[in-house]
Amino acid sequence: MIAEVAFDAPVDHPFSYRVPAGWAPAPGQRVLAPLAGARRVGIVLALREGDETALKPLLAVAEPGPRLDAAALDLARWIAAESLSSVGSTCAALLPPVEQGTRTRAVAPVDRPDDPLPTARHATRVATTQATIGDGGIELLIGAGRERRLLERIAGTGSALVIVPDVESAGRWAQRLGKERPARRLDSGVDDDIRGDAWRRLGVEGGVGVGTRSALLAPLPPGAPLVLVDEHDVAHKPPGPPRIHSRDVVLERAARERRPAFLTAATPSVELWWRATERGGVTMAPPAAGPWPPVTISDTRGILRREPLTPPLARAVRETLAAGRRALLLVSRLASSLACDECGEITRCPQCALALVYTRAAATLSCRLCAITVPLMDTCPSCRGRRLSPFGWGLERVEHAVRRRFPRARVARWDPDASRGARGEAQRAGAAAAEIVVGTRGALRLFGPASLGLAGFVSPDQLLRLPDFRAGERMFGLVWAAAERVGAEGSLVIQSQNPTHYAVEAVARQDLAAFYRSELKFRAELGYPPFRRLALVRVRVRGTTEVQGLADAVTAALRASARLTVYPPVAERREHARRIVVKGHGDLPAALAAALADFRGPRPRRRGIIDAEVDPVEWPS
Ligand SMILES: [Zn+2]
Ligand SMILES: [Zn+2]
């Protein structure tokens, strides 16, 4: 017997091993096998008969039975193909770690009859209790009270798999769902053995499983719903293989297994909104209006700003402190592009509408998509004004100004993405106790719905200036999330050079649909998702001439495909790296894989690292 084993490595093909006599590993089960002189954990993809005399034997089985059944293994293959990842890396990322104790066991126990893993018999028994849920159906829950409605939807179901963006939310949701019935945690916030046991029991006994994206393949009784909380959160597509959004996996799994799926979002991704309103396949009730703060837009065009706080924002802070409530001032990271201080116009690429990236040393502006470079202009193309600047406010400058202005207030700065560990914890505690928090978008997580007296945006234009076609969606999501955290009696102040931008206006009117109407029009006109799919292909190799040569060769190979629109290679910030943007259709992953086959196979045509990300959610600038 020969076992085909895949490892956590960027290699597409599995490796063949001899199965020692008397062993009975199953597809979906993890084993230990020798690879490049080391003992490595891999997953059995298939078993076959054949000439095994020249093959090395498996060393041990790493767990008592398969973690994935045939359907889950097939879903893992789909995920790998969609994200151009290897099946081995996909399984490594989407399975609980191999439990301690079994890992070091060299002698393999054969398949035990009392194996506590899911079986067809169990599954059928649970299925009969699930009959009321019905077949498939995807629902997007938006607006006020969406989480309460979600809980109502799944209250009558014995089982559900709830995927949340991060470990912190997993703890919170497990507590919330655990009031009715035990909720099993499948994320890294609990010990490995608890997590492994939860995975196993979910398939056999049913119940509610809560986890992050590493739980996407967890077993679940037939008919039980899949849930994705905060669908719009970028944390649902973390770095590392398989680079795929949890939303895409949930929708695919629901369709394959004919399960209902519920997704919640404050501001759904443009892709999902489009499915719910135009393309079909997703139902959505109109958003329920909740309490909404009055929104003040402070127009900062033409104002020479020596202070980060304009009078309306400073006044709002003062009133909030006087009322004994808390204020959050949001600062965005500095963008590397230019805008006109007179009229607010952002210098954009004429073809792609992306903000052009300003390079001070070369005094040029360039497009991160089509690679055109234009010399720096000295007047604004829109108003002929002479104040074009890469202006922005950093976190520390804002904090300093706030302390000077409100010397008696407790002020704290918090940027959860910049400080981790003990320092991050101390900063978080400081922020939790402060009257005024100066923070980045991650700081919003500190506050529950309607818990703030004031949310103030110092200059959200910095978000619009990002060289990313999602800049508008990003800004809209952030301002909307802030508004939800301010009570009706609080206030939201937006200082902006783009006060008439549709994202700002949609938040001011609490009108979700207004934003997506404008955004979808823009996306359709320029051929951005959801109308086309995009991918970033990165090429890395030591040496400047080598990297350019390899980038040219890859570009030529991609251009040979009639299914792809290929932009010229652009130098990355890191040396020895180039980025190529590719536009395609629904079959983009397959077309990319075919075009790159010569470079990514077991014997690549040239030296270098080529890595492709399909449907990127965050663009590196
Ligand atoms: Zn201007
Ligand atoms: Zn361009």
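I started with glutamate 4, which is buried at a relative accessible area of 13% (buried is under 20% relative accessible area, exposed over 50% and partly exposed in between, with a 1.4 Å probe and protein chains only). Its salt-bridge partner is arginine 48, with the closest N and O atoms 2.5 Å apart; I count a salt bridge when a side-chain nitrogen of Lys or Arg is within 4 Å of a carboxyl oxygen of Asp or Glu. Arginine 48 is partly exposed, at 36%. Glutamate 4 sits in strand β1 (residues 2–7) and arginine 48 in strand β4 (residues 38–48), so the bridge ties together parts 44 residues apart in sequence. Helices (H or I, at least four residues) and strands (E, at least two) are DSSP runs, numbered from the N terminus.

A note on the source: this is a predicted model, where local features need pLDDT of at least 70 and side-chain atom pairs pLDDT 80 or more, while totals for chains, interfaces and linings use all residues. Residues are numbered from 1 along each chain as its sequence is written, chains are lettered from A and ligands numbered from 1 in the order written, and side-chain values use heavy atoms, without hydrogens and water.

Next I searched the whole structure and found 41 salt bridges. One of them joins aspartate 197 and arginine 201 at 2.9 Å, N to O. Both lie in helix α6 (residues 192–205), four residues apart, about one turn of the helix. I also noted a network of salt bridges linking Glu271, Arg470, Glu473, Glu519 and Arg523.

Then I turned to the zinc ion (ligand 2). Which protein atoms are its donors? They are the SG atoms of Cys349, Cys352, Cys367 and Cys370, lying 2.2 to 2.4 Å from the ion. Donors here are N, O and S atoms within 2.8 Å of the metal (3.2 Å for Na, K and Ca); water is not among the atoms, so sites may look incomplete. The donor residues are spaced C-x2-C-x14-C-x2-C. Cysteine 352 and cysteine 370 are both buried.

My last entry is helix α10 (residues 395–405), where Leu395, Val398, Glu399, Ala401 and Val402 are buried. They fall within an arc of 165° seen down the axis, so they line one face of the helix; the arc is that of the directions from the helix axis to the C-beta atoms. The face turned away carries the exposed Glu396, His400 and Arg404.
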